[in-house]
Amino acid sequence: MSILLNRETTFIVQGITGREAVNLTRECLDYGSKIVGGVTPGRKGREVHGVPVFDTVAQAVEHHGGPIDGSVVTVPPAFTKDAVFEAILNGIKLIVIVTERIPRRDVAQMVELANMEGARIIGPNCLGLIVPDVCKMGGIGGPAKDAAKAYAPGPVGVMSRSGGMTTEISSSLTQAGLGVSTAVSIGGDAIIGSAYAELMPYFEADEETKAIVIYTEPGGRMEAQLSEWVKDNDSRLPIIAFMAGKFMDDEEMKGMSFGHAGTIL
Amino acid sequence: MRFYEFEARKIVELAGIPVTKYGFCTTADEARRAAEEIGGPVVIKSQVLSGGRMKAGGVKFADTPEEAAAHAADILELEINGHMPKGVLVDPKAEVKQEYYASVVWDGTAKKPLMLFSDMGGIDIEEVAETHPDHVGKGHVTNLMPIPDFEAKQVVAATGVTGSQLNRATPILAKLARLFRDYDMTLAEINPLAELTDGSFVALDAHMEMEAEAVGRQKQLLRVRLEIAEDDTRETYQPSDFERNVAAIDAADHRGVIQGKDHGFEGNLGLVIGAGGGSLTLTDAVRSQGGKPANYSEIGGNPSVAKACGLAKEVLEKDGVEKIAVMMSIVSNTRVDIVARGVIKACLELGKDPAETIAIFRIPGAWEDEGFKILERYGVETCDRSVSLWEAAGRAVAKIQGAPA
């Protein structure tokens, strides 16, 4: 059916009063997602598209009257680590970090804390994830009507280091009459919360997922890690991988950087 | 961000790791005084951000302060791989009993810093790992706790080093790991880490690189301790006019992001493309189908009309550009109509016919109907998501190849 998200998934948006966060909130609500609160310190009492704003995650949890499943974090890079720590230590188990340009040390600290507390981080520098016709968490696919156009339900799991290519690939799958089980924009940085291999157990356990498509770029060893996982676990899922950036191999391109922060030859 | 050897030395020293007496000098006279102060034979090393110093004659030995001054005078004038030195480093010729290797790098899979240690220092660590894996110790560093010495001790001990050598090397590796984490480095390496004839350990040579994203929060180290100027960005190459102009247009307006590069591109098809992954895919698609891109670019984050126009104009004004292809992977944030307005405006302002100049416009997504309507009015060929990135790139290539030269 899906991984990580379902029809009942509740989440908050940290940094909800920011320009992009306001748009993202509208898009997710229109798509049918359950956003139960937002956090911007000092803005308690406001509303964003009917979603109540709080100063702290604890207030949001209290208002909701029970545990909240997820958080979309859109605060500036200097404040992201604190926001993610706050989410994790208030019992949130799924965190999507949209923010880009976060130093690696901070990302590594967030991931280590998440591992200790049994939480999962998607991103940073990502658009989030979507289960077609059920729920979207983050800006992935854009406005609800655009997302509906690109993402139809189906048997293919999608993981991509590029946010835009997540939608491009899913749209191709939709047009081909196949469709998508869950699509995850995993982020373009050198260190991310969930690499391909770390999401594979979820897809493997999801009976509706029959195949995987990944989008990759040169740099790092996430693809090698994925192939090791597939071998070690005797995965039932065929994987189709598309790697962009062949032109970067050219001699005259040496020493230049293209695309995402994690994209290095 | 890269550091000169003398800066890396200073960073290591600040972290409490022992170094030999050394002098950073910008004149022959200073080098003479540094050699006098050090006493005995010295090494004079060119301070350039380039490899191959030794081969180029940028490293020389001197027995006397006079000789040191003469070598320094030569090296200060010596260009190495297109770089003039920032100065010279004067080091004592150390009496080394044994060379070791110590470094810390990021392990992206474990998401932790990784310490490396070897008792076969002074040579390429990858070669040692290949030929003598039992002489390389590896171990991760905690991200959340203060870094304990024992994590370093385990790594040193894994190479079989024991006795007073273990006890001297352990705090050095631990301090290296702390400076790596505290200063947001992506590489912190001491090679060689030398055991001198008196049994003491010193860092003879160090390499450091700092993560670009962290430069803003490392001002104390960069500006105060190392006195590196704000505009000294240590880029690996000089940006071209095109690259500088696009960066200026981008900086002038906070809405959206545009980037342009043209190092290594000399074609006739200008690329106004995006976003990150889409640009890589499209550049490959153009080249794989025989097209010759004039540049690389990235559009993202919903730029203004002025920004899209500015990028298109810069691309169109590059030497040899005959047409542009405007293509992106499906957009959800960037508005199609805004990019459309921008590229039309660029053509008109340069006195060019949009229908002739824009080989193809393939940006599906947010506000696409509005965007396509504008383009159709000017006779520009548009395509939606039913045309793949590969196909769109192919159409642009076919058009430019069919165009009169």
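Does A:Met110 count as buried or exposed, or, put another way, what does its relative accessibility say? A few notes on this predicted model, starting there.

1. A:Met110 has a relative accessibility of 1%, so it counts as buried, the cut-off being under 20%. The residue sits in helix 4 of chain A, which spans residues 104-117.

2. As for what surrounds A:Met110: setting aside neighbours within four places in sequence, its contacts are A:Thr80, A:Lys81, A:Val84, A:Phe85, A:Ile88, A:Ile97, A:Ile102 and A:Ile121. Take A:Phe85 from that list: 25 residues separate it from A:Met110 in sequence, yet the two C-alpha atoms are 6.7 Å apart.

3. On to the sheet in chain A. It is an open one of seven strands, ordered 3-4-2-1-5-6-7, with mixed pairing. Strand 3 (47-48) and strand 7 (120-122) are the edges, each pairing on one side only.

4. Within that sheet, have a look at strand 1 (residues 10-14) and strand 5 (residues 70-73) of chain A, which run parallel and share four bridges. Here A:Val13 faces A:Val72 of strand 5.

5. Over in chain B, helix 9 (residues 241-251) and helix 11 (residues 305-316) have axes that come within 9 Å and cross at roughly 170°. That is over 145 degrees, so helix 9 and helix 11 of chain B are roughly antiparallel.

6. Who makes that contact? Helix 9 of chain B brings B:Phe242, B:Asn245, B:Val246, B:Ile249 and B:Asp250, while helix 11 of chain B brings B:Lys307, B:Gly310, B:Leu311, B:Glu314 and B:Val315. By type, the contact residues split into five nonpolar, two polar and three charged.

Note on methods
Residues are numbered from 1 along each chain as its sequence is written. Chains are lettered from A and ligands numbered from 1 in the order in which they are written. This is a predicted model: local features need pLDDT of at least 70, side-chain atom pairs count only at pLDDT 80 or more; totals for chains, interfaces and linings use all residues. Side-chain values use heavy atoms; hydrogens and water are left out. Axes are lines fitted to C-alpha atoms, for helices over the stretch in contact, and angles run from 0 to 180 degrees between N-to-C directions. Helices (H or I, at least four residues) and strands (E, at least two) are DSSP runs, numbered from the N terminus. Angles under 35 degrees count as roughly parallel, over 145 as roughly antiparallel, 65 to 115 as roughly perpendicular and the rest as oblique. Contact means heavy atoms within 4.5 Å. Ala, Val, Leu, Ile, Met, Phe, Trp, Tyr, Cys and Pro count as nonpolar, Asp, Glu, Lys and Arg as charged, and the others, Gly among them, as polar. Two strands pair if DSSP finds at least two bridges between them. Buried means under 20% relative accessible area, exposed over 50%, partly exposed in between (1.4 Å probe, protein chains only).
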